[in-house]
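Come along and check each entry against the picture.

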Amino acid sequence: MPELPEVETTRRGLAPLVRGRRIATLTVYEPRLRWRVTRDMPAKVAGQRIVRLGRRAKYLLLALESGTLLLHLGMSGNVRAVPADTPRVKHDHFDLVLDSGLALRFNDPRRFGSLLYTNGEPNGHPLLAGLAPEPFGSAFDADYLFRITRRRRVAIKQLLMNSRLVVGVGNIYASEALFRARIRPGRQARTLSRAESARLVRSVRAVLTQAIRAGGTTLRDYLGADGAPGYFRQRLYVYERRGKPCRRCGTPVRAMTQGQRSTYYCPSCQK
Ligand SMILES: [Zn+2]
């Protein structure tokens, strides 16, 4: 599943290609995505200039002169910039053709992705309005993490992955951030000290930053904006390294299951 770093990598790859460009046409081949692409959408966006390509959580936000397109990659989607006459392949669902001759082409085998148009302020859209703080935003800091962990018995890793508390920290990044912060993933959230909360905020940001720089982790079916794979995966400390020596101390990495997801940690480095 594309996670926040992959979406941000896509945004950074596409932004220079779309900014200031006019939309020639929106051609929809398969409207049955997670939500049906509305019939009137092509007419609403054609001829409009793209002002900015932003992101909120895992939504790409194409700010137009009037309104905003919200694009979500779902479980298996990717969007790439290709010459508009590039032959389509299976699971290509729409082309947003630009006046430059490039098309943003959306491919999504499982069709959990979505394309929505909103007239109003995008952050007021029902899908975005209730979202928790961004990991890089000022609202996600040591005080916030310390406060939200106080009375929660849930494991800290599961709290980190709860998108109602902070968005965009998926399984890989939660495992890696907890390793860097030297905190065991199974600990009750309420046992975190203030210093550990600060360390964990820093670690979450560091792990995500590194993944974005590397172009996402490229697990399974993700491709970057230019179709190139990312290299973050080679730098993982614990994720999917069960039984292998910890890169810091050499102790074999352990694995456990939390909320049906695999968690990896070093029993010696993480307390
Ligand atoms: Zn270790």
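Before the first entry I noted what handedness means: a crossing is left-handed if the near helix is turned anticlockwise from the far one by less than a right angle, and right-handed if clockwise. I also kept in mind that this is a predicted model.

**Entry 1: two helices**

I looked up helix α4 (residues 142-149) and helix α7 (residues 194-213), and found that their axes come within 8 Å and cross at roughly 120 degrees. Angles of 65 to 115 degrees would count as roughly perpendicular and those over 145 as roughly antiparallel, so α4 and α7 are oblique to each other. With the definition above in hand, I wrote down that α4 passes α7 in a right-handed crossing.

Which residues make the contact? On the α4 side I listed A142, D143, L145 and F146, and on the α7 side R194, S197, A198, L200 and V201. Sorted by class, the contact holds six nonpolar, one polar and two charged residues.

**Entry 2: salt bridges**

Next I turned to charge. Side chains of opposite charge can pair when their charged atoms come close. How many salt bridges does the structure hold? I noted 13, and picked out a few to follow.

R21 pairs with D99, with the closest N and O atoms 3.5 Å apart. This pair links distant parts of the chain: R21 sits in the loop between α1 (4-18) and β1 (23-28), D99 in the loop between β6 (92-98) and β7 (102-107), and 78 residues separate them. I checked accessibility too: R21 is partly exposed at 35%, and D99 is partly exposed at 42%.

E65 forms a salt bridge with R22, and here the closest N and O atoms are 3.5 Å apart. E65 is in the loop between β3 (59-64) and β4 (68-72) and R22 in the loop between α1 and β1, so this pair ties together parts 43 residues apart in sequence. E65 is partly exposed, with a relative accessible area of 48%, and R22 is partly exposed at 30%.

**Entry 3: a buried partner**

I then looked at E30, which forms a salt bridge with R32, the closest N and O atoms being 2.9 Å apart. Is E30 buried or exposed? Its relative accessible area is 14%; buried means under 20%, so E30 counts as buried.

Note on methods. Residues numbered from 1 in each chain as written. Predicted model: local features only at pLDDT ≥ 70, side-chain atom pairs only at ≥ 80, totals over all residues. Heavy atoms only, no water. Salt bridge = Lys/Arg side-chain N within 4 Å of Asp/Glu carboxyl O. Helix = DSSP H or I, 4+ residues; strand = E, 2+ residues; numbered from the N terminus. Buried < 20%, exposed > 50% of the residue type's maximum accessible area, 1.4 Å probe, protein only. Axes fitted to C-alpha atoms, helices over the stretch in contact; angles between N-to-C directions. Parallel < 35°, antiparallel > 145°, perpendicular 65-115°, else oblique. Contact = heavy atoms within 4.5 Å. Nonpolar A, V, L, I, M, F, W, Y, C, P; charged D, E, K, R; others polar.
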